[in-house]
Amino acid sequence: MLTIKRALAIGIIGLFVYCTNAAAELTIEITQGIDNPTSIAVAPFKAYGTLPEDVAAIVSADLQRSGQFAPVNRKNMLSFPQSAGEVYYRDWRALNTEFLVIGGLTPVANGYQFWFELYDILNQKQMLKRTVSAGAGDLRSLAHYASDVIYEEITGIRGAFSTKMIYVEVMRDLNNPKNSSYRLMHADVDGAREKELLRSQQPLLSPRWSPDGKRVTYVSFETTRPAIFVQEIATGKRQQVTNFKGLNGAPAWSPDGKNLAFVLSKDGNPEIYTLELITGKYTRVTNHFAIDTEPSWTADGKGIIFTSNRGGQPQIYQVDLASGRTERVTFYGDYNARSSLAPDGKTMVMVHRQNGVFHIAAQDMATGDIRILTETKLDESPSIAPNGAMLLYATQENGKGILGAVSLDAGVKFKLPSKRGDVREPAWSPFIN
């Protein structure tokens with residue numbers, strides 16, 4: 001295993017590299033849900049002809065993956081209703097079903113018209129009905145949209161099934177190291193519709209989404225030293241935004257998308273800087289003899305949280321951009337790093353060391369209380385969903401790099417192992433319209 005040391009506390013950017021020569025195919029494995037999930041039935045949707053995707057099955061899988069729902073197996077359904085008149089509440093009550101989803105797809109010019117309805121079985125009423133249209137290649141998008149609407153109607157929390165993720169896949173050829181490559185990958189959050197955004201023979205690190213979901217920033221070693229790039233998702237157009245000696249790493253977008261924060265060591269010590277993308281103006285944020293790294297913006301864009309060993313061990317600090325006032329925000333554990341805030345700013349997630357083992361943890365920003373979210377070893381790179389309900393992280397299983405997901409209350413967990421490859425550095429997208 002080739003290791004490049006990270007800049008969490010020792011000032012060097014890094015990445016764990018694993019051996020594979022096959023493309024990754026992410027799959028979902030649910031490992032933990034809430035104790036009493038809500039029973040919901042998603043009946044097969046009415047369709048004209050054979051469709052390339054089973055939209056109802058995708059909706060059912062989305063809801064199951066949230067950990068809060070237990071979909072009824074189709075084999076146990078007493079009927080497959082395709083209209084309101086075919087919904088017999090007594091049949092679904094017999095299966096202890098609480099909610100029912102029915103729907104259908106009709107071919108239209110260049111795509112499909114999709115309708116779906118949600119029923120409350122216990123109260124015997126229709127809760128919602130929606131009709132939407134999409135292109136022929138967007139059946140999965142229709143399914144994820146329906147999942148978002150249904151999830152929000154029942155839980156009151158905005159669904160994030162239509163969002164995306166990016167991650168780094170490492171492909172190393174042991175027979176010919178020159179053929180080793182790193183791929184920046186883009187996929188639905190269930191691992192489907194995977195596509196390559198960038199391939200390089202040099203390491204790719206720290207990918208992050210812009211707030212509008214149209215661009216990503218990352219670190220690439222293609223120039224023989226670390227440099228930060230911004231790339232458009234749709235066109236692949238790239239721009240190198242740093243070219244300094246030493247460290248150029250850990251980029252993070254401001255909430256308005258107008259600025260980047262990152263780490264530079266151009267003046268001799270790793271410090272936090274910001275860059276105004278329109279003007280190209282650099283501003284030094286920290287000025288300390290210790291190592292300051294891994295910036296992440298506060299929800300209001302007025303401050304930055306970052307990792308520093310200025311207290312002797314890596315801990316999380318917050319700096320106010322206007323005044324420069326800096327304060328420590330983590331006090332439990334001898335190692336806290338790689339932090340980011342939930343969209344509401346109330347919860348911070350981070351890599352936390354407890355009893356010599358690295359876990360993902362969440363801290364209540366008001367009380368300082370810590371909750372350990374994961375139980376595996378070498379967990380890192382947490383990235384929070386835009387609805388604040390779950391987060392993605394990187395971990396290891398059987399010596400391979402995989403992605404995991406956990407809810408912020410630690411009640412729901414699933415993993416996305418790759419069938420053949422190794423994956424790292426996940427980043428959950430913002431809401432994408």
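Not counting residues up to four places away in sequence, S254 touches P211, N259 and W297, where contact means heavy atoms within 4.5 Å. This is a predicted model, in which local features need pLDDT of at least 70 and side-chain atom pairs count only at pLDDT 80 or more, while totals for chains, interfaces and linings use all residues. Residues are numbered from 1 along each chain as its sequence is written, and side-chain values use heavy atoms, with hydrogens and water left out.

S254 lies in the loop between β17 (248-253) and β18 (259-264). Strands (E, at least two residues) are DSSP runs, numbered from the N terminus. With a relative accessible area of 2%, S254 is buried; buried means under 20% relative accessible area, exposed over 50%, and partly exposed in between (1.4 Å probe, protein chains only).

The side chain of S254 makes a polar contact with the side chain of D256 at 2.6 Å. A polar contact is a pair of N or O atoms within 3.5 Å; within protein, one must be able to donate a hydrogen and the other to accept it, and residues adjacent in sequence count only if both atoms are side-chain atoms. A polar atom of the S254 side chain also lies 3.4 Å from the backbone nitrogen of K258.

A search of the whole structure finds 20 salt bridges. A salt bridge is a side-chain nitrogen of Lys or Arg within 4 Å of a carboxyl oxygen of Asp or Glu.

| Pair | N to O distance |
|---|---|
| E117 and K129 | 3.6 Å |
| R183 and E196 | 3.0 Å |
| E380 and R424 | 3.2 Å |

E117 forms a salt bridge with K129. E117 lies in strand β8 (residues 111-120) and K129 in strand β9 (residues 125-135), so the pair ties together parts that are 12 residues apart in sequence. E117 is buried at 4% relative accessible area, whereas K129 is exposed at 51%.

The side chains of R183 and E196 meet in a salt bridge. This pair links distant parts of the chain, with R183 in strand β11 (residues 181-188) and E196 in strand β12 (residues 195-200), 13 residues apart. R183 counts as buried at 8% relative accessibility, and E196 is partly exposed at 34%.

E380 forms a salt bridge with R424. Here the parts linked are strand β29 (residues 380-384), which holds E380, and strand β33 (residues 422-428), which holds R424, 44 residues apart. Both E380 and R424 are buried. Salt bridges that share partners join E169, R183, E196 and R199 into one network.

Notes:
Helices (H or I, at least four residues) and strands (E, at least two) are DSSP runs, numbered from the N terminus.
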